[in-house]
Amino acid sequence: MIDPEVFLKFLKGRRSIRSFQDKSITEKELGMILEAGRWTPSASHRQPWEFIVIKNNEILEKISKNAFYGKFIKEAPVAIAIVGKIKTSSKWYLIDTSLVSMNMMLMAWTLGIGSCWIGAMNREKVKNLLGLKETDHLLTILPFGYIKGSIPEPKPRKPLNKIVKNV
Ligand SMILES: Cc1cc2nc3c(=O)[nH]c(=O)nc-3n(C[C@H](O)[C@H](O)[C@H](O)COP(=O)(O)O)c2cc1C
């Protein structure tokens with residue numbers, strides 16, 4: 001087991017990263033990120049997901065043009081589209097794939113690799129680009145790359161006494 005203090009510090013230290021070095025991550029690192037996604041828990045163990053690895057610069061450039069707050073994706077050496085399979089788990093695919101995304105981002109952070117959830121995009125256009133079906137939900141596209149520049153300062157969180165209720 002991981003030391004709990006170390007783990008909490010690790011969780012608090014993670015940041016969304018929006019600037020990447022012009023350097024590929026290794027296949028081993030990419031494999032570990034994908035493996036962290038594969039081992040995500042899911043409702044009734046349905047695993048309603050697919051992960052699309054995107055390294056092609058032209059595709060990343062096109063995604064960038066269709067991302068409203070994610071233009072920086074074109075800087076990343078690789079991105080992973082997290083796709084929810086609606087037919088496999090129509091009730092839980094959103095939650096299950098959100099957990100996948102977090103697992104992958106945390107795995108990446110252990111490797112010194114930054115990422116950021118890109119949520120706002122022209123989904124229909126990007127789905128077409130990636131050859132997705134009507135019944136595929138494109139949750140997010142996560143860019144992954146070594147961090148360029150300094151790690152951003154933490155954004156303040158709501159204090160526990162404002163968000164925790166005891167009954
Ligand atoms: C569901 C979701 C959607 C997000 N969409 C975007 C986005 O489109 N573009 C972006 O730059 N960041 C996006 N973010 C990242 C958040 O802005 C970021 O997590 C938040 O500001 C807290 O910063 P931190 O991750 O560094 O702690 C998104 C995060 C989540 C969880």
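A salt bridge here means a side-chain nitrogen of Lys or Arg within 4 Å of a carboxyl oxygen of Asp or Glu. Before the first click, some housekeeping. This is a predicted model, where local features need pLDDT of at least 70 and side-chain atom pairs count only at pLDDT 80 or more, while totals for chains, interfaces and linings use all residues. Residues are numbered from 1 along each chain as its sequence is written, and side-chain values use heavy atoms, with hydrogens and water left out.

**Stop 1: the salt bridges**

Select E50 and K85. Their side chains meet in a salt bridge, 3.6 Å from N to O. This pair links distant parts of the chain, with E50 in strand 1 and K85 in strand 2 (residues 78-85), 35 residues apart. Helices (H or I, at least four residues) and strands (E, at least two) are DSSP runs, numbered from the N terminus.

Is K85 buried or exposed? K85 counts as buried, at 15% relative accessibility, whereas E50 counts as partly exposed, at 38%. The cut-offs: buried means under 20% relative accessible area, exposed means over 50%, and partly exposed is in between, using a 1.4 Å probe and protein chains only.

Next, pick E27 and K55, whose side chains form a salt bridge of 2.5 Å, N to O. E27 lies in helix 2 and K55 in the loop between strand 1 and helix 3 (57-66), so the pair ties together parts that are 28 residues apart in sequence. E27 counts as exposed at 54% relative accessibility, and K55 as partly exposed at 41%. How many salt bridges does a search of the whole structure find? The search finds four.

**Stop 2: the ligand**

Of the 13 residues around the ligand, S16, R18, Y69, K155 and R157 come nearest; a residue is near a molecule if one of its heavy atoms lies within 4 Å of it. By class, the shell has six nonpolar, two polar and five charged residues. For that count, Ala, Val, Leu, Ile, Met, Phe, Trp, Tyr, Cys and Pro are nonpolar, Asp, Glu, Lys and Arg are charged, and the others, Gly among them, are polar.

Now look at polar contacts, meaning pairs of N or O atoms within 3.5 Å; within protein, one must be able to donate a hydrogen and the other to accept it, and residues adjacent in sequence count only if both atoms are side-chain atoms. An N or O atom in the side chain of R18 is 2.7 Å from a ligand oxygen. For R157, a polar side-chain atom lies 2.9 Å from an oxygen atom of the ligand. With A120, a polar backbone atom is 3.3 Å from a ligand oxygen. Taken alone, the ligand exposes 620 Å², and the protein buries 65% of that.

**Stop 3: a threonine in strand 4**

Select T140, which sits in strand 4 (residues 136-146). T140 is buried, with a relative accessible area of 0%. A polar atom of its side chain lies 2.9 Å from the backbone oxygen of I118.

**Stop 4: two positive phi values**

Jump to the loop between helix 2 (27-38) and strand 1 (49-54), where S44 lies. Most residues other than glycine have a negative phi. S44, though not a glycine, has a positive phi of about 55°. H45, found in the loop between helix 2 and strand 1, has a positive phi near 55° as well. S44 is exposed, with a relative accessible area of 64%, and H45 is exposed at 57%.

Areas come from the Shrake-Rupley method with a 1.4 Å probe; for residues, only the protein chains shown count as cover. L8 belongs to helix 1 (residues 4-13) and is partly exposed, with a relative accessible area of 44%.
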